[in-house]
Structures are given as structure tokens and as C-alpha cells.
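Please read them with the structure open.

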Amino acid sequence: MQKIMHADCDCFYAAVEMRDQPSLRNIPIAVGGRPEQRGVIATCNYPARKFGIHSAMSSAHALRLCPHLHLIRPDFERYRRVSADIMGIFQQLTPLIEPLSLDEAYLDITGATHFQGSGTWMAQWLKEEVYRQTGITISVGVAPNKFLAKIASDWKKPDVLFVIPPQNVESFITELPVEKLPGVGPATAQRLNQMNVHDGEALKACALPDLIERFGKFGHRLYQLARGIDTREVKVERERKSISVENTFDHDITLEQAKQGPLEELMLKLDERIQRHGNPPSHKVFVKIRFDDFTSTTLECSGMAPTRENYSALFDQAWLRHSRPMRLMGVGIRLTAPDNNRQLILFDDDLSPSA
Ligand code: DCP
Ligand code: MG
């Protein structure tokens, strides 16, 4: 049986800002783009969350909710350095690490021998050590697989240490609201609720053929999740050829609507991801669209910089191929091939769809 740890920093960018300027600690702060440039919030501290502010909200909206919000421009270079320090501390527990973003990683501690193999003690040590060395609090979940470890670390955030031992998996899932399951966004949750399925117990009672009929391939995954099964392994770094981000929308949107906000959000996420990877040289940019009829198209162009204007122009062209509402948009860059002397080893990503 696997033993997986999921560690995720609490309000990461904001935590770095508060650490470096302690007077910000108890006032609502957010990190994000300027409201007058249609900027969006990357994250905010917990005092700001009380006002209903959250990641991906427009900065203008956030300032309406909380006019005295202290808005800070992101400094990716600084976040990247703190991230590298934190990942270095993770390495002391195990080399089997899969970073998902700057502030989040899975650790496979199945064979780790520290603390007589106790996941609880390892998690306790990790939290203390990360705080001691970097001043950042992290939330940690430990469980027999990835999906449960991730849910555990998010359980009553911030500053969580939550362990789901194998003997508790079944009872934990019984009461788990279906929207906590990975891949279950608002639309899928609504469909499950219409079937009167609200928690893991009701989901477990669903027959596999029914789930497959309603949800296709994902029905099989739901069937497994309800039984606490997730066989995904922790994927350690591999060579990377591109960097991209994509968003699946709750509702299909038009190209016009996309340019009102979703494009901005994608650009921020892409920029964050490019910075995280140390700003590697690229030779192409590309866009991806999935239309409401599930047809997809990708369009790429050489020698272009990954700017908002360039992506906007590429979307104009790509959209014309089907001219329909869109359910997913993605943007990315193709990396210049590394030369023989300098292998470009970068991290793997989990491109989970987000609203
Ligand atoms: N981020 C971003 N845009 C988003 C979501 C996140 O730029 N839509 C950035 C800012 C976050 C960092 O990524 O600080 C980590 O993302 P998390 O989802 O882990 O959010 P936080 O760490 O900020 O908060 P939490 O305490 O909920 O983990
Ligand atoms: Mg986080």
C-alpha cells in the first residue's frame, strides 16, 4: 500500500509578502494585477478571504468587496526562491517528489524510514521545519493515495495536519461531499445531486454501468473514488517540452466574453508557470480551444512572444475554424530544445481544470 503526503502552502504569495513585511499580517492583502488593467487576484491572505475575495476574481471586483484591500503586484522571482527552499526541505524526507505548482507537491513516503515510518511525525516535522527555515506555514495531508492526501491537506485549511490512515478511508469517504472529489466541478456535482447523490456513501451505491452511461469514462473514475481507489503514482520530474495552462469553463462562453476576463486569468497563470520554471527560452506560442460540440483545435505560431495581444490574435484565428461557443481555452509556449551540455530538466505539472 502507498503512503502519500500532499503539502500545500497557505495563501502562498500572500504568505511571502506578509513574511517580508509583518505589518501586513493582520490587514486584508491580495497579490494581483492592477484593476485598471483588468488585472485578477492571484491570491489573498485569510483576512481578505473574509470579504469573499478569492483567486481568479478580478482585482476591480475585489476592491469593491473590500475598498481598503492592500493590493500587491506579484514578484514571481521571490516566490520562486521561497518555493525552491521549501521543495529542498521536502527532499530531506524523500526524493520522490512531484511538484504541482510553486507551493504544492505530492511526496511518496511509502518507503521513507524517518520517524519509524510514521506519516504523522513526518508531517509534523515538515510543517515545523518549513516554518522555521522559511517562515511559511504549510498544510499537510497524509493518506494511502494521492486524491485522499490532497483532500486531507485542504481539510480545514490553513495550518492543517490531517492523516487518513487506511482503516479510516472507508468512513471518511462515506461522509465526503461529492464536490470534494477530484474532477467533480460545479456542473458534475449538480448532475450527481440531481441523482440524489451528495456524498461518498450514495456514490458508492451507484452501479458502474449507470455511472458510465451518465459520465462516460469519468464514471469509472467516480466508481473507484467512491471506493477510495486511486492508483496514480507520484511522478518525479521529467524533461519538459512545453509549458501550458488551460481552463474549462462552467458555462460555454463566446470569444468576446473570453476577452473580458478569462484570457487575462489564463495569461496570469501562464506567466506564473513560466516564471516558476525559471523563464526558459521558447520558440513558439500556441492556443487551444475546445468548442461546445467537443471538437478541439490547436494553433501555434513560431517566433512570437507570449503576450496577451499575440494570444488574443491567435484565438481570433483559431476560433474561426469552428465559430462556436467554447468550453475550454488553453495557452502555452513550446520550449527551445536544450543543447547537449545543458539538460533542461523541469517539473511535471498537474493541469487540473479549474473554473
Ligand atoms: N495562483 C494564481 N492564480 C490562481 C490560483 C493560484 O496565480 N487562480 C497562485 C497564487 C497562490 C499560488 O498560486 O498563492 C498557490 O495556489 P493555491 O491554490 O495553493 O492558493 P494559496 O496557496 O494562495 O491559498 P491556499 O491557502 O488556499 O492554498
Ligand atoms: Mg496553497
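1. Basis. This is a predicted model, in which local features need pLDDT of at least 70, side-chain atom pairs count only at pLDDT 80 or more, and totals for chains, interfaces and linings use all residues. Residues are numbered from 1 along each chain as its sequence is written, chains are lettered from A and ligands numbered from 1 in the order written, and side-chain values use heavy atoms, leaving out hydrogens and water.

2. Sheet. Five strands form an open, mixed sheet in the order E5-E6-E1-E7-E8. Strands are DSSP runs of E with at least two residues, and helices are runs of H or I with at least four, numbered from the N terminus. Two strands pair if DSSP finds at least two bridges between them. E5 and E8 (161-163) are the edges; each has a single partner strand, so one side of each lacks a neighbour in the sheet. Twist averages 15° from one strand to the next.

3. Strand E6. All 5 of the 5 residues in E6 (104-108) are buried, so the strand is largely enclosed by the rest of the structure. Buried means under 20% relative accessible area, exposed over 50%, and partly exposed in between (1.4 Å probe, protein chains only). Glu-104, Tyr-106 and Asp-108 are on one side, with Ala-105 and Leu-107 on the other.

4. Partners of E6. E1 (residues 4-9) runs antiparallel to E6, joined by 5 bridges. Met-5 stands opposite Leu-107, and Ile-4 has Asp-108 as its bridge partner. E5 (residues 97-101) is also antiparallel to E6, with 4 bridges. There, Glu-98 stands opposite Tyr-106. A hairpin of 2 residues joins E5 to E6.

5. H1 and H4. The axes of H1 (residues 12-20) and H4 (residues 76-91) come within 10 Å and cross at roughly 95°. That makes H1 roughly perpendicular to H4 (under 35 degrees is roughly parallel, over 145 roughly antiparallel, 65 to 115 roughly perpendicular, the rest oblique). Axes are lines fitted to C-alpha atoms, for helices over the stretch in contact, with angles from 0 to 180 degrees between N-to-C directions. Contact means heavy atoms within 4.5 Å. Phe-12 and Val-16 are among the H1 residues that meet H4, where the residues involved include Tyr-79 and Ile-86.

6. H13. This helix (residues 262-276) reaches 21 Å from first C-alpha to last, close to the 21 Å expected at 1.5 Å a residue. Of its 15 residues, 12 are buried, including Glu-264, Glu-265 and Arg-273. Gly-278 follows, with a positive phi near 80°.

Technical notes
The expected span of a helix is 1.5 Å times one less than its number of residues.
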